[in-house]
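Here is my note on the model you sent. Please read it with the structure open.

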Amino acid sequence: MELAIDKKETTLNKKGEIEMETIYYINIEQLEFTVKLYNKLKRAGINNVGDLLKADKTKLLKSEVVELLNEFAVYHHSSTDSIDDFGCSDALYNRLKKLRAETIQDIPRVGYDKFSKPELIELLEEFGYYDSHQYTEED
């Protein structure tokens, strides 16, 4: 899915990719959330990605955190990135080891249902951002 970003808010880097700060201006209306999550976010005053990143995610249901991970999680690292190098809590590290997730890319494969809500929030905080390659400027 490609999202259009208002040109006046857009900053490009040397490679012609949209800078991460620009992603914060994407309205949540452009994202593929369920109606229930969308309405909950709007009632909480969350209107764009920037608001969402700053929001307290502990008030969300576990299923809503999983929905956010499915929409936001981007694992930029190469397939050789070991979870040993991932700066997570001991609890999350032990869960990943138990689930035999050896690399960062193994995390979605093992299934988000295997994690507790606090662990999912930690994953979202670590990997919850957009890949700037997905977006184009609006003409």
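**Notes on the predicted model**

1. Overall burial. Of the protein's 139 residues, 40% count as buried. This is a predicted model. The accessible surface comes to about 8100 Å². Carbon and sulfur atoms account for 48% of that surface.

2. Fold elements. The protein has seven helices and two strands. Read from the N terminus, the order is β-α-α-α-α-α-α-α-β. Take the contacts between residues at least 6 apart in sequence: 58% of them join residues at least 24 apart.

3. Nonpolar core. In soluble globular proteins, nonpolar side chains tend to be buried together. Here the largest nonpolar core holds 31 residues. Phe33, Leu68, Phe72, Phe86, Leu96 and Leu123 touch the most other members. At least two core residues come from each of α2, α3 (49-54), α4, α5, α6 and α7 (117-127). The largest share is that of α7, with five residues.

4. Salt bridges, and the pair at lysine 42. A search of the whole structure finds eight salt bridges. One of them joins the side chains of lysine 42 and glutamate 29, at 3.0 Å from N to O. Lysine 42 sits in helix α2 (residues 35-43), and glutamate 29 in the loop between α1 (20-23) and α2, so the pair ties together parts that are 13 residues apart in sequence. How exposed are the two partners? Lysine 42 has 30% relative accessibility and counts as partly exposed. Glutamate 29 is also partly exposed, at 43%.

5. The pair at lysine 40. Lysine 40 forms a salt bridge with glutamate 64. The closest N and O atoms are 2.9 Å apart. This pair links distant parts of the chain, with lysine 40 in helix α2 and glutamate 64 in helix α4 (residues 62-72), 24 residues apart. Lysine 40 is partly exposed, with 25% relative accessibility.

6. Glutamate 64 itself. Leaving aside residues up to four places away in sequence, glutamate 64 touches Lys36, Leu37 and Lys40. Please look at this site in the viewer.

7. The pair at lysine 97. Lysine 97 forms a salt bridge with glutamate 102. Here the closest N and O atoms are 3.5 Å apart; the cut-off for a salt bridge is within 4 Å. Which residues belong to the network around this pair? Salt bridges that share partners join Asp84, Lys97 and Glu102 into one network. Lysine 97 is partly exposed, at 30% relative accessibility. Glutamate 102 is partly exposed too, at 40%.

8. A backbone point. Most residues other than glycine have a negative phi. Arginine 100 has a positive phi of about 60°, although it is not a glycine. Where does arginine 100 lie? Its place is the loop between α5 (90-98) and α6 (106-110). Arginine 100 counts as exposed because its relative accessibility is 65%, and the cut-off for exposed is over 50%.

9. Points to revisit. Another is the network of Asp84, Lys97 and Glu102.

Technical notes
Residues are numbered from 1 along each chain as its sequence is written. This is a predicted model: local features need pLDDT of at least 70, side-chain atom pairs count only at pLDDT 80 or more; totals for chains, interfaces and linings use all residues. Side-chain values use heavy atoms; hydrogens and water are left out. Helices (H or I, at least four residues) and strands (E, at least two) are DSSP runs, numbered from the N terminus. Buried means under 20% relative accessible area, exposed over 50%, partly exposed in between (1.4 Å probe, protein chains only). Contact means heavy atoms within 4.5 Å. A nonpolar core is a set of buried Ala, Val, Leu, Ile, Met, Phe, Trp, Tyr and Cys residues joined through side-chain atoms within 4.5 Å. Accessible areas come from the Shrake-Rupley method with a 1.4 Å probe; for residues, only the protein chains shown count as cover.
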